[in-house]
Amino acid sequence: MSRRPLIREVPPASWFFRHPRYLRYMAREVTSVFVGAYCVLLVIAMQRLAAGPIAWQEFLVALRSPVSIIFHLLAMAAAFYHAGTWFNATQKAMPLQIGENFVPGSYISGAHYLVWAVLSLVVLFFAGVF
Amino acid sequence: MAKSHKPVVWFPFAAGGTVIAFCMPVIVVLGFLAALGHVPSGLSYESLHAFAAHGLGRLVLLGVIALSLWSSAHRLRCTCYDFGLRADTLIATMLYVAAIVGSAATAMFLFRI
């Protein structure tokens, strides 16, 4: 009797439609496209900043195009989704044990959310938003 | 001892993921305000130039951009694989080279300021 291993056919490009969990995973994966594109924009921004005040002013004007506004909306959604899922994962990635007991996961994620909120407010304050 | 180059890729990825999670939303919000025409005073040439000209500010900008680039390159590589593009060696090489070039370019721009 020959043992034939079970081989499941997995469609390489559409497997993630099989389960909502896979779709959520892929939604998170796709945020890397927008975050990556935004990193490229940041590199360009540094180039423009180094090129002098006129180049920087032109860069700021170029940011106001409709395409740029839509891109910023998508990048913002991606950045917030990445941040939320990352902080939710911290409680699984670094569980904290004190004595016999584990610190509740919500405390670990909650602490990250708190630091995130404070850091963001500090940056907004020093950037002169309010 | 097992030898692997994985930690070299993995550490900047994890550090970059954390940096992106903490810093990217607020950076994009600042960019969005500028895109709407309400440029925050911190993004004016004088303020941002002064920040980038300071040693610590320069280090912060370089650190955030370089780590974010590396983390994004690693995540894009995984995303390509998950979407069925299985030429992993080619894609990984292209993306990591792009991340290194982008980081080097950022360092060059910042030290020119």
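Predicted model: local features only at pLDDT ≥ 70, side-chain atom pairs only at ≥ 80, totals over all residues.

**Briefing**

Over all chains, the count comes to one salt bridge.

**Salt bridge**

- The partners are Arg77(B) and Asp88(B), whose closest N and O atoms are 2.8 Å apart.
- This pair links distant parts of the chain, with Arg77(B) in helix H3 of chain B and Asp88(B) in helix H4 (residues 88-112) of chain B, eleven residues apart.
- Side chains of opposite charge can pair when their charged atoms come close.
- Between chain A and chain B, by contrast, zero salt bridges are found.

**Interface of chain A and chain B**

- How many residues does the contact take from chain A and from chain B? Chain A gives 50 residues and chain B gives 50 residues.
- About 4400 Å² is buried between the two chains, and carbon and sulfur atoms give 78% of that area.
- In chain A, the residues that lose the most area to chain B are Met46(A), Leu49(A) and Trp86(A), together 14% of what that side buries.
- Ten residue pairs are in polar contact between chain A and chain B, counting pairs with both residues at pLDDT 80 or more.
- On the side of chain A that touches chain B, at least two residues each come from helix H1 (20-50), helix H2 (53-62), helix H3 (66-93) and helix H4 (105-126) of chain A.
- H1(A) supplies the largest share of that side, 18 residues.
- Sorted by class, the side of chain A that touches chain B holds 36 nonpolar, eleven polar and three charged residues.

**Helix H3 of chain B**

- Helix H3 of chain B runs over residues 55-82 and has 28 residues.
- From its first C-alpha to its last, H3(B) reaches 40 Å, close to the 40 Å expected at 1.5 Å a residue.
- Gly84(B) follows H3(B) and has a positive phi, near 95 degrees.
- Arg77(B), the salt-bridge partner of Asp88(B), lies in this helix.

**Confidence**

- Chain A has a mean pLDDT of 93, with 99% of its residues at 70 or more.
- For chain B the average pLDDT is 92, and 97% of the residues score at least 70.
- Among the elements of chain B, helix H1 (residues 6-35) has the lowest mean pLDDT (91), while H4(B) has the highest (96).

Notes. Residues numbered from 1 in each chain as written. Chains lettered and ligands numbered in written order. Heavy atoms only, no water. Helix = DSSP H or I, 4+ residues; strand = E, 2+ residues; numbered from the N terminus. Expected span 1.5 Å × (residues − 1). Contact = heavy atoms within 4.5 Å. Buried area = accessible area lost by both parts, 1.4 Å probe. Salt bridge = Lys/Arg side-chain N within 4 Å of Asp/Glu carboxyl O. Polar contact = N/O pair within 3.5 Å; in protein donor to acceptor, adjacent residues only side chain to side chain. Nonpolar A, V, L, I, M, F, W, Y, C, P; charged D, E, K, R; others polar. pLDDT = per-residue confidence, 0-100.
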